[in-house]
Amino acid sequence: MAEKIKKFVCLHGHFYQPPRENPWLEEIEIQDSAFPYLNWNERITAECYAPNSASRILDDKGHIRDIVNNYSKMSFNFGPTLLVWLERFAPNVHEAIVEADKVSRKNFSGHGAALAQAYNHMILPLCNERDRRTQVIWGIADFESRFHRKPEGLWLPETAVDTASLEILAELDIKFTILAPRQAKRFRKIGDKNWTAVKDANIDPQHPYLCRLPSGRSIALFFYDGPISHDIAFGGLLNNGEGFANRLTASFPNDNPSSRLVTAATDGETFGHHHRFGNMALSYCLYSIEKNKSIQNTVYAEYLDLNPPEFEVEIHENSSWSCAHGVERWKSDCGCKVGINQWHQKWRAPLRDALDWLRDASSALFEREMSAICADPWLARNEYVRVMLDRSQISAEKYFSAYFQSPLSKEQKITALKLLELQRHAMFMYTSCGWFFDEISGIETVQILRYAARVIQLSKEVAGVELEQEFVSLLENVPGNIPEYKNGAEVYKRFVKPSSISLLNVGVHFAISSAFERFPETANVYCYSIRTVVSHDYEIGKQRLLIGRVQIRSLITWEEVDVDFSVLYFGDYNLNGGVRYHENDESFKQMHNQLQDHFLRSDIPEVIGLMNKYFGLHNYSLWDLFKNEQGKVLTQIFESTMDVIAANFREIYEHYYPLMRIRPDLKIPLPKALAMTVEFVLTRDMTTALENDFLDLDKIERLAQEMRRWTFTRDKENLGFVAGRRIERLMTQFYDNPHDIDLGRTIATVLRILRTLSLTLDLWKTQNYYFAMSKSIYPDMKNKIKEGDGFAQDWVAGFENLGRYLKVSIE
């Protein structure tokens, strides 16, 4: 009979990003600091969330021996707002996370690896009772909608804890949560009378503990190993996967026969974002532990099922894992910060005071206005998460039928949705990252102020209540560190107020975009549906006149307006735009006829005068586009400019090519101007060759030979990106058509050619496809060789050759 395993290991990753969406557009705008990615969610997904879903285990030659989904082998939680983003913009990663939980239930006795999380990372001990409850309810509802089961555990943001929060978790049938060892106050064996005080975080983290609550309920608490968790994040433990595993296995006491759990918890971003290849160290660590027959990898719920608590514990109220002073980091100048600077954080307390005032003022408004159409406004808020998870008309109508006095009129539904959105943003403005960092003008704090601005706007729209003046007055008491941004009011005026938009601004964006893009009759632009009612486009030479009327509807609040617009486009980035709310059909017809008449007579000054007459003196331009589209339009404009530049460079290149060929033979460097010309032409030609639908391998080979001839520094980043993307497309085609071995040979040839240019290629997805094929069609082909199948033999030879270039071992 096999000896019962008594040594267990559980690693937990807290994967989270704050909500970064523009509150008016419900989408993240370009964040320059995340370059070359569009925003930080995209960058961290590429560096961490995706790699952990298909992480590499290498052999002694550095070739891929296995690809594993780390999430299926560890305990983890994902912030719900991050999962919302992943589902939209990285669906394959989202699917892999959900699938990992399904697989983990097979690995861990029916217990899933995933934990829930309080919704948008508010510090629960600093919440009022209503917000605390809603945060947990929303977090559980989001979890159940994705993982299709009830969560057994829930991650507390920053592990910030108090008894009131634990009471809500226990009430909602959460079995356990995870805390830092210093959050334990005292403990004792269940049944004993005497308590042992915890000093210097010296509680034994290798047991679960029972926490009895005033209500009579209880909840299990796990305390992670502090030194190990610290060294994963900051001590270089991820430098080597085997060393990582050894550190964990060496942590078990030699002289204790009882069941033991070595557990560590850290930010999930540690595994790949904070530490490059940290996901691979994690994979190898878990692989090593799984090979060890005396130790079992587990998750908290399974371990708790096997080993109910033998000890009970009391917590330090208002404590957390990332502030030595409790939860002061999110409300005072306690000294905890990120940067090495002399900046103070005296802004934290008055910022929270200002937001508390806004929360209370808007909550009173919410309760008053909602009570007219809803019996229980706060229950309706708790259940609004159902609509957040499914914004369809059907979902919203079911919600209205269940929680509102029916039937509601169209206007009442709009009012209800605005009030509920007011509450959603009122909680988003407490997202913890707004206080975590060092300066009031940082992007995290500006973001929570934008949510506050949305609360202010909705309060005015729904009830005509003006809250902004008093709020900005309170922000004057929020001191900054940078003289240019002396206080919160200045930050609000510079960075927050300009980003506030109305439905008319959406019309402005659509009107200007129409000069560069043709829209279908009904188009979704961010979180708005825009239906074209009337559209005219007149053109004389390079000049165009666009006149139209559109109906704009918010997909969030259902509010809608009709807008008239006119855009006079001169080419490039030069244009004049006018937008107004639609008055009546006769007024629109008169405006259209007059603008059309004078434009077709090339009377441009009169056209501009008429636009001022009908739309006012404010002329909209390219800079009134939303930020993401500004970049797209400028790129479109630059493309035509680049064609002209390229023609000029090519003329120089071809004219002086014979002379330039002599210089390398004489070992004389080219003048910088000519070197730049050669680099530009060859890089552009190679990029074009890689992006063409027909892949001319002979041309790519010649270009690579020519590029190696010169000593200039190639644009490796751009070329590597283009090449990696093309190889990925080819591999996708091969995966979909696995018998097309010529396609496999083409990929191998491209890799052989490009290898000589020392490019950094992103082959992550390509290797994933190849590895999947090595587990599916490759074994079948190997078996067919035994039957004398000539095609199979040719296919296997080509497939194995491709694997050598991709550095994937399929032995």
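Q: How many bridges join β1 to β12?
A: This is a predicted model, in which local features need pLDDT of at least 70, side-chain atom pairs count only at pLDDT 80 or more, and totals for chains, interfaces and linings use all residues. Residues are numbered from 1 along each chain as its sequence is written, and side-chain values use heavy atoms, with hydrogens and water left out. Strands (E, at least two residues) and helices (H or I, at least four) are DSSP runs numbered from the N terminus, and two strands pair if DSSP finds at least two bridges between them. β1 and β12 run parallel, and the number of bridges joining them is 8.

Q: Which residue in β12 is the bridge partner of His 14?
A: Strand β1 covers residues 7–15, and β12 covers residues 260–267. The bridge partner of His 14 in β12 is Asp 267.

Q: Which residue stands opposite Phe 15 in β4?
A: β1 also runs parallel to strand β4 (residues 75–78), with 4 bridges between them. A further parallel pairing, over 3 bridges, links β1 to strand β13 (residues 295–297), where Gln 296 stands opposite Phe 8. In β4, the residue opposite Phe 15 is Phe 78.

Q: How many of the residues of β1 are buried?
A: Buried means under 20% relative accessible area, exposed over 50%, and partly exposed in between, for a 1.4 Å probe and protein chains only. β1 has 9 residues and is mostly covered; the buried ones number 8.

Q: What are the residues closest to the centre of the second largest pocket?
A: A pocket is an open set of points on a 1 Å grid over the protein atoms alone, with protein on both sides within 12 Å along at least five of seven lines, and its lining residues have an atom within 4 Å of a point. The second largest pocket holds about 1,100 Å³ of space, a volume being the space filled by probe spheres set on the points, which are joined across faces, edges and corners. Of its 36 lining residues, the closest to the centre are Phe 234, Asp 267, His 274, Trp 321 and Phe 436.

Q: Which element supplies the largest share of the lining of the second largest pocket?
A: The elements that each give at least two residues to this lining are α1 (40–53), α6 (226–233), β12, α15 (433–436) and α16. The largest share is 4 residues, and it comes from α6.

Q: How many of the residues of α16 are buried?
A: Helix α16 (residues 443–463) reaches 30 Å from its first C-alpha to its last, close to the 30 Å expected at 1.5 Å a residue; the expected span is 1.5 Å times one less than the number of residues. Just after α16, Gly 464 takes a positive phi of about 70°. α16 has 21 residues and is mostly covered, the number buried being 16.

Q: What relative accessible area does Arg 359 have?
A: Arg 359 forms a salt bridge (a side-chain nitrogen of Lys or Arg within 4 Å of a carboxyl oxygen of Asp or Glu) with Asp 356, the closest N and O atoms being 3.5 Å apart. The two are 3 residues apart in helix α10 (residues 348–370), which means that about one helical turn separates them. Arg 359 is buried, and its relative accessible area is 11%.

Q: How far apart in sequence are the parts tied together by Lys 413 and Glu 397?
A: The side chains of Lys 413 and Glu 397 meet in a salt bridge at 3.0 Å, N to O. Lys 413 is buried at 17% relative accessible area, whereas Glu 397 is partly exposed at 25%. Lys 413 lies in helix α14 (residues 410–428) and Glu 397 in helix α13 (residues 393–403), so the parts tied together are apart in sequence by 16 residues.

Q: Which strands stand at the edges of the open sheet of 6 strands?
A: The order of the sheet is β7-β11-β10-β14-β8-β9, and the pairing is mixed. Within the sheet, β10 (residues 208–212) and β11 (residues 218–223) pair in the antiparallel sense over 5 bridges, with Leu 210 and Ala 220 as bridge partners. Two strands each have a single partner, so one side of each is left without a neighbour in the sheet: β7 (176–179) and β9 (196–197).

Methods:
On a 1 Å grid over the protein atoms alone, a cavity is a set of points where a 1.4 Å probe fits but cannot get out, and a pocket is an open set with protein on both sides within 12 Å along at least five of seven lines; lining residues have an atom within 4 Å of a point.
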